[in-house]
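Visitor: I am new to this structure. Please take one part of it and look at it closely, starting with any term I need.

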Amino acid sequence: MADEKTAVAPEERSGRRDVREQLQAIPVPETSVPDDTPADAGEPLIFLDDIHVTFKTRTGSLLHPNKVKAVRGVSIKLMPGETIGIVGESGCGKSTTANVLCGLQKPTSGHVYFKGKDVTNRTAADRKTIGRVLSVVFQDPATALNARMSVHDQLLDPMVVHKVGTPQEREKRVRELIHLVGLPASCLEALPGQMSGGQRQRVAIARALALNPEAIIADEPTSALDVSVRAQILNLLMDLKKELNLAMVFISHDISTVRYISDRIIVMNKGVIVERGKAKDVFENPKDPYTKLLLGAAPSLLHPSEECFK
């Protein structure tokens, strides 16, 4: 059965519009806050170095179309075993940044490094190598999964494409994956349309883990789910992070959710990083007015305890 959506009261919608107007009125710096990773931290899995992404719009003339600067001067280092949360309202550039991280978007300028190698203009061989190490969990599991393939075949497919293991080893791995995300083996024969939103997202996470990646990019993985299911998926991601020592980039518009799961937080506004730091520091002592307003407008549904940051 599909997850039910909670109705939003008119006064709540009005309050959201007021907050959005206040967020839009906050001035944006010309450049992003520089990366704060210690110089002796070691080699990052992925390093975005001064990334800019500019899109041409359909407005303006044919020869001189208008342009939108989606990302401006963004630098991010993702270290092994670390979770970075990227937060901001819709249109702030966080999903574009995630697309650059996983190779779905080529930057207009700047460089992308994978384990020290420049892969800004990545080849087919680079894509295959990175695909073994880096997986993506998308926002809507209903569209991320193939509606005509059983769960079993969807989990098997990445191993077949990358020629990992023998047929027997692949079958064993499929059953390990479905158990790892807390679903019964009976789900393996189901189609995505026969499952709830939370179950589909667990399948999407299991598929992302099929090749034993070192890092996962999770782009709004709970926003399409009912509120009652979000905490379950977040807890699952937290457990997997600890059990498998996964690095993760977690994208969300909800700063409270990002705080719950992240080691470091990056706050973006109109393509610029306006604040970054340890999750607890950003949450308890925000410096940028945009961050302060986001925190005031986003009461937590999860009520994370202080143990999350120890």
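Guide: Contact here means heavy atoms within 4.5 Å. The model is a predicted one. With that in mind, take Phe250 and its surroundings. Setting aside residues up to four places away in sequence, Phe250 touches Ile84, Gly85, Ile86, Ala218, Pro221, Leu234, Leu237, Thr257, Val258 and Ile261. Phe250 also belongs to the largest nonpolar core, which has 53 residues. Within this core, the residues that touch the most other members are Leu155, Ile205, Phe250 and Val267. The element that gives the most to the core is helix α8, residues 227-244, with seven residues. There is also a second, separate core of 30 residues, and Leu48, Leu78, Val133 and Ile266 are among its members.

Leu155 leads on to a pair of helices. Leu155 in α5 is one of the residues at the contact with α7: Val151, Gln154, Leu155 and Pro158 in α5 meet Val203, Ala206 and Arg207 in α7. By type, the residues of this contact divide into five nonpolar, one polar and one charged. Helix α5 covers residues 151-161 and helix α7 covers residues 197-208. Their axes are 8 Å apart and the helices pack at an angle of about 25°. Angles under 35 degrees count as roughly parallel, so α5 and α7 are roughly parallel to each other. Their crossing is right-handed.

Leu48, named above in the second core, is also in contact with Val100. Val100 lies in helix α2, residues 94-102, and is buried, with a relative accessible area of 1%.

Key: Residues are numbered from 1 along each chain as its sequence is written. This is a predicted model: local features need pLDDT of at least 70, side-chain atom pairs count only at pLDDT 80 or more; totals for chains, interfaces and linings use all residues. Side-chain values use heavy atoms; hydrogens and water are left out. Helices (H or I, at least four residues) and strands (E, at least two) are DSSP runs, numbered from the N terminus. Buried means under 20% relative accessible area, exposed over 50%, partly exposed in between (1.4 Å probe, protein chains only). A nonpolar core is a set of buried Ala, Val, Leu, Ile, Met, Phe, Trp, Tyr and Cys residues joined through side-chain atoms within 4.5 Å. Axes are lines fitted to C-alpha atoms, for helices over the stretch in contact, and angles run from 0 to 180 degrees between N-to-C directions. Angles under 35 degrees count as roughly parallel, over 145 as roughly antiparallel, 65 to 115 as roughly perpendicular and the rest as oblique. A crossing is left-handed if the near helix is turned anticlockwise from the far one by less than a right angle, and right-handed if clockwise. Ala, Val, Leu, Ile, Met, Phe, Trp, Tyr, Cys and Pro count as nonpolar, Asp, Glu, Lys and Arg as charged, and the others, Gly among them, as polar.
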